Amino acid sequence: MHLPDFNYYQPETLQEACEILGRYGAKAKVLAGGTDLLPKMKQDVLAPEALVSLKMVSGMSDIEKVPGRGVVIGAKTSPNDLVNSSVLHENFMSVSEAAHSMANNQVRNMGTIAGNIVNAIPSADLPPILIALSATVTLVGPVGSRTLVLEDFITGVSRTAIAPDEIMEEVVIPEQSTTGSAYFKFGLRHSGALAVVGVAAAVTMQGSLVRDVRIVLGAVAPTPMRAKKAEEILRGKNVTDDLIAEAGKSAAVECKPISDIRASEEYRRDMVRVFTKRALRKAIYLEQSES
Amino acid sequence: MEKYSVIGKSVPKIDSRAKVTGQAKYTGDLKFPNMLIGKILTSPHAHARILNIDTSEAEKLPGVKAVITHKDVPSLKYGISPARWDENIFCIDKVRFVGDKVAAVAALDEETVYKALKLIKVEYEVLPAVFDPIEALAEGAPQIHDEYRRNINTEIHQNFGNVEEAFAKAHLVRTDKFIGQRTYQCPIEPHSAISMWEGGKLTVYCSTQSPHYFQHYIAREFGLPMGDVRVIKTYVGGGFGGKLEPTGLEFAGAVLARITGRPVKMFYDRHDMFAHNRGRHRQIMEITTGVDKDGKILGMHANFIMDGGAYTSLGIASAYYAGAMLTLTYDFENYKFDMIRAYTNLPACGAQRGHGAPQPRYAFECHLDNVATQLGIDPLELRLRNARQPNTVTPNEFKVNSCEMTACLEKAREISDWEKKKGQLPKGKGIGVAVGSFVSGAGYPIYRTDLPHSAAIIKVHPDGSAATLYVGATDIGQGSDTVLCQMAAEAMGYTYENMKIISADTETTPHDFGAYASRQTLMSGAAVKQAGEDVKNQLLEMAGVMMDKNPGNLDCREGVIFSKLEPEKTLPFTAVAREYFVKNGPLVGRGSYTPPKLGGTFKGAPVGTSPAYSFAAQISEVQVDEETGEINVNHVWDVHDCGMVINPALLHAQVHGALYMGMGESIWEEVQFDAKGKILNPNMSDYRMPTALDMPVITSALVESCEPAGPWGVKEVGEGATIPTMGCYANAIYDAMGVRVNSLPLSYEKVWRALKEKREKEKGGGKKKK
Ligand SMILES: Cc1cc2nc3c(=O)[nH]c(=O)nc-3n(C[C@H](O)[C@H](O)[C@H](O)COP(=O)(O)OP(=O)(O)OC[C@H]3O[C@@H](n4cnc5c(N)ncnc54)[C@H](O)[C@@H]3O)c2cc1C
């Protein structure tokens, strides 16, 4: 339980940061809050030669509603920033709630949205709801920036589409017709527990008609996954309790959980069923209560 | 006038300012000139022969000052339990669990230590290992210690009265089987020890629950007179049973310090703590009870097996405690107890809050609810019918003086609204009851000796403006320094605010066995009371001369000496104390405590004896999510009979803390291993202790009680409230959902599975009927 040796950089611009990253290639790591990275280094899972801290790089810490773009969230925004953002409260309360379900207060102050995404472990709490809301991520590299759909960005356990010399600058939740969204995290105690399953749902309702729906499952596959068959059961239909139950059952079949020290595969599947139902009900209810 | 002026009040904790300001220094905070840092290398295999250890690369690393293995340390086996000394400072021929101690390094800094550990090359021949106690006991299982055939560490067969006859007469004889789990105490402060030599004298600063046992075993291991070993307790961040016995840190640190001639600080990190363990044993428990038609218990048979891990630790006592404590709460005459403690290739288990008692109590309390259900009797009523009464003797010959078991149950019933709730809460909600009892100090010390159990000295300062209490009693956060100062001030007729305390340093404070078995308020308290009275008597003698009065007619309270006949005639404590010093030199009071001879003469009779026993009833209300099995504990009512209360705030804090631990063990906590004996969750993330958000509303209530064997009538509280909790929750879950989970922890997934099986059975049953 001791940090291995590494070189430490504290650049002041993204450009400078990308240059240092470029020099080291895969041997360097971006350091944001360090709440994922430093434990991994202490446990001998990772031993990067260099850490490039984003601490002195200004910006990337606001949450703003930008007309034409949607809600733009800086990469260095902490989970507690998401919890306390009035922009999110007004537009996507479900994101604040997902952030609030993470870790404990100290870690929610230290961590960042980009760290949670780039770390890419299956139980991470922010990706499912962000994917359900069709979020995109913007990456800055030595020769400019590119934008990817978050759903395509996470490619495997601890694997993403980011290049070694790229830095995530922002996460954007685009303007959309979504009428309600919800995230349910199921962990094995009431705080400080990783998700055994996480389920996010976003719906576009017209009265009781489901015009569109996106269901994203966390912690039950190598990456957050869409429950597309479950979505199909609902899309274009008038919502009923039976249909919601059927969607839950479908999601339980679609997911690909493993058994580990926290839960068995069988239990995880059934929890996907239960929380898909609950997330859908909450997302739809929010819409109905407003109309 | 109130009966007491200092005790019975929630005075502020004596160390609270130091702790909240960060001034309090724990062993890990201390630094000495030239101090080295040391760490122990442990085994990666659960069972393996050591073929060769090559330390040469590690020794060459710049900054490394010493590397030691079994060749450099005494080979004398040790252990906290003289019945089985089975540990070596470092393994000699083989390692017996993942984490067994193999070598140690001292270096200039922590970084170098970790690097050096990686450079020690140990060649192992891996042996077959066994992780389950039943498999370990089977013929042909891997032999863990050559001396203990079939891996039997200890075997107990006790038989009181005639259980067979009782069962033959019974209206109902029922057997149930339950399984516990391994848990770990998880004190917030990791263990550490700083060892240093001055000539032939060894001083060890450490995080300990008992400076005395540390001193005793360190002296024995190195062949030193006790007087040449000084053990100093610093502030301690919790122990809960896990810091009672010396660890490799003190032994290895002492050798490294002698070789290098420098102070050496050794420490465990969180992972090391889990591997060192000494936490709760996993027990497999079969209980059979015979009752008459009214539910009166006629006889009981407890048939247990416990997984001891690779070494004995306090496990022999744990094994006896497991059965011994079952006879306390209910009055029955016929009792049989069978137990085998098996060695396995897992970390050694020891004493954890409540010692061997909580898991058996869980089994017994669930089992009794099953009996009550079968007889159609309210479970609380069944307990009242069997509740032990004061001034009785248990079948295993424990003498019980004060005992308010009945009052505890009745009060718990009343304040929880039991009668309106039991069986009548909406689906998903349930209420359950369980009881418990615990010793107020063990009747006999861990090794055989006729030393008093506690002793105290009070020195009044020359001008009387302060008095210092010297006790070996060990404050590990529970607040003994505070309550003992309250007791000293009360006995002296002095004020708490003027008390100072020096405790738990074997060189400056008098002997005491330390913080375990919930002993200090009663035992150390008795010694302190005697010392305080000794001061007061000498002071009144002096005052008699100064006031020209018969000292027998004088008394002292809150620092004022007065005549009982003419209360307006007074002298300040300070003036008399000063005069005493001028005339006679230091004003010193002395006290000591030895319990009376207790218990029977059968094998194992001493374990569980105590001058006094606490009693408690707990009722909990839970809510279970039918779809997920998630458990929310909404409210717990704990009603305690713990005698006279010295400090109500600290007492209720103990109840909250004990309940917190009991609750963690009930629902969340379990040390898990992979197929090769490696711990899977040696961290606070996956070893899930409850958080603030998991805690229920707690109502901690008391019943009137006064214990003749305790000073001012005190008894224990520190461990008692852990004991009923697991059974109490299991019974509440049963009331809520009609399912019984027969193993700990009562995890969400287990409850979910039980509910699922119940639904499937009901469906299947329905089909058959058609
Ligand atoms: C006790 C504890 C509990 C936790 N509980 C939860 C939980 O309940 N739910 C949950 O989802 N997570 C949990 N976590 C994980 C962690 O806190 C979060 O994932 C957090 O958001 C990570 O952010 P960070 O800034 O600390 O990441 P870091 O550790 O700094 O970085 C993580 C990874 O992201 C990369 N990275 C960071 N920022 C950027 C960027 N801008 N551009 C490119 N790469 C970047 C780093 O190089 C690294 O590979 C927990 C962690 C701890 C220690």
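Let us start at the ligand, where one of its oxygen atoms sits 2.9 Å from a polar backbone atom of A:A32. This is a predicted model, in which local features need pLDDT of at least 70 and side-chain atom pairs count only at pLDDT 80 or more, while totals for chains, interfaces and linings use all residues. Residues are numbered from 1 along each chain as its sequence is written, chains are lettered from A and ligands numbered from 1 in the order in which they are written, and side-chain values use heavy atoms, with hydrogens and water left out.

Staying with the ligand, an oxygen atom of the ligand also lies 2.8 Å from a polar backbone atom of A:A103. A nitrogen atom of the ligand is 2.8 Å from a backbone N or O atom of A:M168. Around the ligand there are 28 residues, each with a heavy atom within 4 Å of it. Of these, A:V30, A:G34, A:T35, A:D36 and A:T112 come nearest.

Now look at where the two chains meet. Chain A brings 25 residues to the contact and chain B brings 30 residues, contact meaning heavy atoms within 4.5 Å. The area buried between chain A and chain B is about 2400 Å², with 48% given by carbon and sulfur atoms. Buried area here is the accessible area (1.4 Å probe) that two parts lose on being put together, summed over both. In chain A, the residues that lose the most area to chain B are A:R189, A:H190 and A:I261, together 31% of what that side buries.

Charges meet here too: across the interface of chain A and chain B the rule finds 8 salt bridges. A salt bridge is a side-chain nitrogen of Lys or Arg within 4 Å of a carboxyl oxygen of Asp or Glu. A:E266 forms a salt bridge with B:R753, and their closest N and O atoms are 2.9 Å apart. Helix α12 (residues 265-290) of chain A gives the largest share of the side of chain A that touches chain B, 9 residues; helices are DSSP runs (H or I, at least four residues), as strands are (E, at least two), numbered from the N terminus.

Finally, visit B:Q181, in the loop between β8 (172-179) and β9 (192-198) of chain B. Is B:Q181 buried or exposed? B:Q181 is buried, with a relative accessible area of 0%, where buried means under 20% and exposed over 50%, with partly exposed in between (1.4 Å probe, protein chains only). The side chain of B:Q181 reaches the backbone oxygen of B:E665 at 2.8 Å.

Technical notes: Polar contact = N/O pair within 3.5 Å; in protein donor to acceptor, adjacent residues only side chain to side chain.
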